[in-house]
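Work through the exercises below with the sequence and the model side by side, and try each task before reading its solution.

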Amino acid sequence: MIKKYYIIILLCIVCIMIPRTEEYTKIIPNITIINKTTSTKIGRINIKKIKLKEDLYKIGSEENNVEKHVTILKESIFPPTENSIVFLAAHSGSGKIAYFQELDKLQEKDEIILTLNNKNYYYEVKDIWEEKKNGYINVNKESKDQLVLTTCSPTKEQYQLVINCIKKES
Amino acid sequence: MSKYNYTTKTTYYQKARFFRKNGTNEFAYCIEPFSFFNESQTYESTLNPNNLTQTQIDRISKIAHFGYGYKNHTDIKWYAITQMMIWQASDGSGNYYFTDTLNGNAINAYLPEMNEINNLINSYDILPSIANKTYTMVEDHSIVIEDQNKVLNNFQTDDNRIAIQNNKLTINKLKEGKYDFTIYKQENIYNQPYIFYQSNNSQNLIKTGNLNKLETKIKVKVIKTFLELSKIDKDTQSITPRGEAILDGAVYTLYDQNNNKIEDLTIKDNQAIIHNLNFGKYYLKETTPGIGYTLDDNTYEIIVSEENSKTSLIMENKVIEKKIIVKKEYGENNSFLKEKNIMFNITNKNGEIIDTITTNEDGIAEITLPYGEYQFIQMNTTEGYSKVDPINITVDNQEEEVIELKDYKIAVPNTYTKQTINWYYLLQILLLLI
């Protein structure tokens, strides 16, 4: 019986000493900085095909962090600037911050709605490719408004999935 | 009336009197003023009496024709007037005049009547202005010619290819060739021709009658004309179009000199032809260019005439061209460098490489392309950067197009997520097990 308690106590100690999972670390800050997110939220991404609806936050804000939300990369040029290009990155894999977990299900012509400053911009997938991971992605700027989504390849280790989308003609 | 013979210096006085033929009572005129009439003599009829020249015969026959008995010349004074004029025409050796009485004084009587007869003779001799002239016309076109002498209405024709109306001659549509048309004048006042009677022992006579048929000819030359347009590309100076442009299908509109539309000519097999365009001045304008060509805004004046019956025009069209400027840059974090020595193959819609351009020190390459669809395919790149996807370019207008190609090298955060274990879920299970 005593042995049994020892085991329980040991398990409790182990639980306490185990590092928190990403899911866990995500939950706490989100709860604690609700007011902050409200002030830095600038838009939203909506991909119906993979049932993704997530807010976007100002570049430079604490919430614009891949460990918390879908992240806008700082190289982005926002519409309505001509020939805009918006880069969004998020985790794939598993867990609550794996917003791009199903990004690989997108196909050409699928629609992505980007809302910025209360204005919707409609994009469609043009190209999908994977690059060997090196900390960078290569994207060709076209004479069009682009939206680039990127995450780790869910299927190929050490590869980065890149999806290039083109804004639809209004 | 009297007659004075300059040769014998004798004056003859005579009361006007009718010469009438026994049996028919037809009247006649003396044509030998100084010969006496012997009623017992026999006469032979002739068209060429030996005492008159051909000119005299012509004049005397017309005086007789237009004299007494012509239309309203029914008063017997017209007989005397006619006789006087015939004497004057038949023998110039005498002086002929009217006198107030027999053996009386000379008077200027009946001058208006004599003028009227002279006018009728002169008018009769006037031919239409179109007589004996050659007219050239175009096959399958009719022409109308107006007589400037205004006597054509007195003429007629038996040829159904021409018609006379309102002093105008209409020549109907004819095929290429040479034609002679005859028109004639023939008055049928007396139902018989004039005739002379001559005798050796009595004065010669003329019996009035219809004049000889007066004929004249009109020559017509019928020719073919054609207007031929040949279409070429201005740049190639041949029928070979540039790019994917098409010379055929261009439409030219032909206008007359009053700017009335005549017809449209569509270029087919690089040509358009109008056959037998009538003589005249025309204007030609392109109203629709071939696909991929700019409109030829020139107006062409065309004169079709006998001397210029075949007109061949070479019409040029300038293909639509667009200048394409490729600006190639690469960089990281929105900091870009000009990317030089980057080659692009340019392919046409069949995938054939038609040209290759290379960016210069400023990362710029440019080319002017004719109408068509093209792909710009990047052939090389700076190490670490990807090539752009082939770029589709459509040249269908002349506005310069700049293609800015930026290769981004974007730093991305680590989006790798470790496959974490739900420790709390695991602990719960363990506790339950215990």
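**Exercise 1.** Which residues in α2(B) and α3(B) meet?

Solution. This is a predicted model, in which local features need pLDDT of at least 70, side-chain atom pairs count only at pLDDT 80 or more, and totals for chains, interfaces and linings use all residues. Residues are numbered from 1 along each chain as its sequence is written, while chains are lettered from A and ligands numbered from 1 in the order in which they are written. B:W78, B:I81 and B:M85 of α2(B) meet B:E113, B:M114 and B:I117 of α3(B), where contact requires C-beta atoms, placed from the backbone, to lie within 7 Å. Five of the residues in this contact are nonpolar, none is polar and one is charged.

**Exercise 2.** Find how α2(B) and helix α3 (residues 111–125) of chain B are oriented.

Solution. Their axes (lines fitted to C-alpha atoms, over the stretch in contact, with angles from 0 to 180 degrees between N-to-C directions) come within 10 Å and cross at roughly 65 degrees. Therefore α2(B) is roughly perpendicular to α3(B), a term that covers 65 to 115 degrees.

**Exercise 3.** Describe the packing of helix α1 (residues 54–66) of chain B with helix α2 (residues 77–90) of chain B.

Solution. The axes of these two helices lie 9 Å apart, at an angle of about 175 degrees. The two helices are therefore roughly antiparallel, a term for angles over 145 degrees. Among the residues of α1(B) in this contact are B:I60 and B:I63, and among those of α2(B) are B:M85 and B:I86.

Methods. Helix = DSSP H or I, 4+ residues; strand = E, 2+ residues; numbered from the N terminus. Parallel < 35°, antiparallel > 145°, perpendicular 65-115°, else oblique. Contact = placed C-beta atoms within 7 Å. Nonpolar A, V, L, I, M, F, W, Y, C, P; charged D, E, K, R; others polar.
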